[in-house]
Amino acid sequence: MSVYNFCAGPAMLPPEVMKKAQKEFIDWQNLGVSVMEISHRSEPFLELAHKSEESLRRLMNISNDYAILFMHGGGRGQFSAVPLNLHQEGKQAVYCQTGTWSFSALDEANKFTQTQKFNIRNDQNSVASVIPVDQWQLPEEASYIHYCTNETVDGIELFDVPKHASAPIVADMSSNILSREIDVNKFDLIYAGAQKNIGPSGLAIVIVKKDLLSRPGLAKPGIFDYALESKQQSMFNTPPTFAWYLAAEVFAWLEANGGVAAMEAHNRDKAALLYDFIDNNDFYQNNIDTSCRSLMNVPFLLKDESLNKAFLTQSQNAGLLALEGHRSVGGMRASIYNAMPKAGVEALVDFMFKFSKEHK
Ligand code: PMP
């Protein structure tokens with residue numbers, strides 16, 4: 001039986017990458033030792049670091065105006081690092097609110113800097129939606145504008161990028177980085193916890209415009225200091241070397257499989273299959289406006305919620321893992337990141353169809 005893992009994160013990684021990592025586990029590059037047993041300052045690791053950065057630059061078309069950092073602390077680490085680095089005396093940081101993760105980012109920033117909560121959700125008749133970006137009336141002055149491009153829990157994705165005359169645009173892309181083409185030049189800072197489309201948890205990728213590195217911000221731990229980490233090539237302290245190695249392998253896998261454009265086509269195809277099925281079967285529902293439905297995380301409800309438990313037990317028995325919705329919202333959620341093959345979504349839709357027939 002094929003097993004498909006729909007976990008929201010840590011999420012499935014490409015099987016090819018996992019098999020290669022297994023093969024190389026105790027003997028990397030014929031060194032006779034594992035990549036996690038060598039110095040981060042050794043020649044082979046420095047080469048890995050360099051190559052992975054170049055690979056990410058090619059994949060996302062990132063110019064030399066941006067530094068790329070491989071940091072500790074995952075997504076939430078960046079919830080703290082962003083205000084610590086970008087704080088400006090007398091200005092407020094604007095936090096656009098679309099769901100669970102943008103709220104958590106605001107909550108953390110409140111410990112360090114003055115913030116302004118900026119609500120852009122526009123839910124009507126129990127359908128969640130987001131005000132179109134060109135209608136946002138952002139304040140004229142701000143230290144930065146923060147938003148989340150994909151709300152992993154709520155299943156809400158923002159496809160347009162806000163603009164601001166003076167304040168940097170900061171995006172949490174933890175759950176949709178590398179899933180579709182974006183113009184990096186529209187952002188000043190992008191960050192992402194690794195455990196969805198990049199690699200193991202704990203690692204965070206930061207793509208930051210170099211001119212932001214001169215902002216003094218606030219006093220901060222060295223490991224959260226963008227300027228210091230950039231100067232030290234993300235090696236101020238020992239980086240998470242094994243996670244970095246796996247990220248490098250995932251980048252190489254992406255490049256070998258047509259890059260982000262090919263991934264986007266694959267992701268749009270998978271998401272369309274699942275949303276179309278849900279919309280055309282009155283046993284299930286998704287309550288997100290079609291303009292902002294996530295390509296990565298598809299929450300859905302059973303119209304008869306008393307069947308939730310049976311759905312989860314039977315889907316697990318059918319090899320479809322981790323379909324339970326986030327504890328804060330309930331229902332179901334299928335996370336279909338880059339590594340999820342179309343066959344996984346087809347197996348899910350098949351199961352959902354059979355389940356609906358059996359329980360009609
Ligand atoms: N932002 C988003 C959009 C997320 O989905 C998550 C984790 N699911 C986080 C931030 C937090 O990441 P971490 O658990 O690595 O701190």
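Asn-237 is exposed in this predicted model, with 12 other C-beta atoms within 10 Å, where a residue counts as buried if 20 or more other C-beta atoms lie within 10 Å of its own, as exposed if 12 or fewer, and as partly exposed in between, the C-beta atoms being placed from the backbone. Gln-195, by contrast, counts as buried, with 24 C-beta neighbours inside 10 Å.

| Residue | C-beta neighbours within 10 Å | Class |
|---|---|---|
| Gln-195 | 24 | buried |

Asn-237 lies in the loop between helix H5 (226–231) and H6, and Gln-195 in the loop between strand S9 (189–193) and strand S10 (203–209); helices (H or I, at least four residues) and strands (E, at least two) are DSSP runs numbered from the N terminus. Leaving aside residues up to four places away in sequence, Gln-195 touches Gly-9, Pro-10, Ala-11, Pro-200 and Ser-201, contact requiring C-beta atoms, placed from the backbone, to lie within 7 Å.

An unreviewed UniProt entry lists both residues under "binding site", together with Gly-75, Arg-76, Trp-101, Thr-152, Asp-172 and Thr-238; such annotations may be inferred rather than shown by experiment. The listed residues span 164 residues in sequence and their farthest two C-alpha atoms are 30.2 Å apart, so they do not all gather at one spot.

The chain is divided into domain 1 (15–256) and domain 2 (259–358), with bounds from an automatic or database domain assignment. Their contact takes 25 residues from domain 1 and 24 residues from domain 2.

Residues are numbered from 1 along each chain as its sequence is written. Because the model is predicted, local features need pLDDT of at least 70 and side-chain atom pairs count only at pLDDT 80 or more, whereas totals for chains, interfaces and linings use all residues.

Methods
Contact = placed C-beta atoms within 7 Å.
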